[in-house]
Amino acid sequence: MDKKTISRDGTSLAYESTGQGPALILVSGAMSTGRTVAPLAVPLSDRFRVVVYDRRGRGESGDTPPYAVQREVEDLAALIEAVGGEAALCGISSGGALALQAAASGLPVRQVAVYEVPFAVYEGGAKERAEYTERLTEALEQGRRGDAVELFLRLTGMAEEMIQGARQSPMWPGMETIAPSLAYDDAVMGDGLVPRERLASITVPVLAVAGDAGPAWMGEAARAIADAVPRGTYRSLAGQTHMVEPDVLGPVLAEFFGG
């Protein structure tokens, strides 16, 4: 990341931008940094100034305790100011919940697109989220970062043998490094349910996208988001999972943000 801006509470935020045109900020989800979503900038940078950044507590950005979701909204406010005073937002996974929160908070946002925000729309979803929050908080308070990462991977539905394989991989130390930020994404997701009242206050156009090759409830969650906002649109991408291909999602986003 070659640029820095400072959030309201003094936290340093690392970001970089590519391309020319209206500003578009990509917001990453849990266990990810700006580099994770950077490939999505490629198909968008011929029409937009695409900004990727490290959310607080990860990558090259700083962190200032205590954490609050409002601090991450202020981070986006600082970024928007740094790139011209207005921007569109695209949030991936739980980053989508943050992007929607920012729009509902009245930031100068033109449009919002989100991909597979994992709001629970299935029976027992709120209970599952509450149990995850409790166990995650306990693991992080006790310094058991590896256990925290395991909890998150189980929440995503990863098979046990794959989790144990991940523990042996070269990527694991990096995952443990940003494990404390799992609590941030958990806070952003709230009780895990679609925040319909908050979404109803968003006045800008919102595109909610999901792949059709993953769990059906992901699509239902995206549809619920589109239904809850006054100017919502739902799109399904054929053959896509939660690990969406940038070359498939990119053109859909370009059409929406360019409209």
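I first looked up serine 169, which is buried because its relative accessible area is 19% (buried means under 20%, exposed over 50%, partly exposed in between, with a 1.4 Å probe and protein chains only). The model is predicted: local features need pLDDT of at least 70, side-chain atom pairs count only at pLDDT 80 or more, and totals for chains, interfaces and linings use all residues. Residues are numbered from 1 along each chain as its sequence is written, and side-chain values use heavy atoms, leaving out hydrogens and water.

I located serine 169 in the loop between α6 (160-167) and α7 (172-177). Helices (H or I, at least four residues) and strands (E, at least two) are DSSP runs, numbered from the N terminus. I noted that the side chain of serine 169 reaches the backbone oxygen of alanine 166 at 2.8 Å.

I then turned to the sheet. Its eight strands form an open sheet in the order β1-β2-β4-β3-β5-β6-β7-β8, with mixed pairing; two strands pair if DSSP finds at least two bridges between them. At the edges I found β1 (3-6) and β8 (232-237), each pairing on one side only. I recorded an average twist of 25° from one strand to the next, where axes are lines fitted to C-alpha atoms, for helices over the stretch in contact, and angles run from 0 to 180 degrees between N-to-C directions.

I examined β3 (residues 23-27) and β4 (residues 49-53), which run parallel and are joined by four bridges. Isoleucine 25 has valine 51 in β4 as its bridge partner.

Lastly, I saw that helix α1 (residues 34-41) lies across β2 (12-18), β3, β4 and β5 (87-92), with contact meaning heavy atoms within 4.5 Å. Helix α1 runs at about 165° to β4.

How values were computed
Polar contact = N/O pair within 3.5 Å; in protein donor to acceptor, adjacent residues only side chain to side chain.
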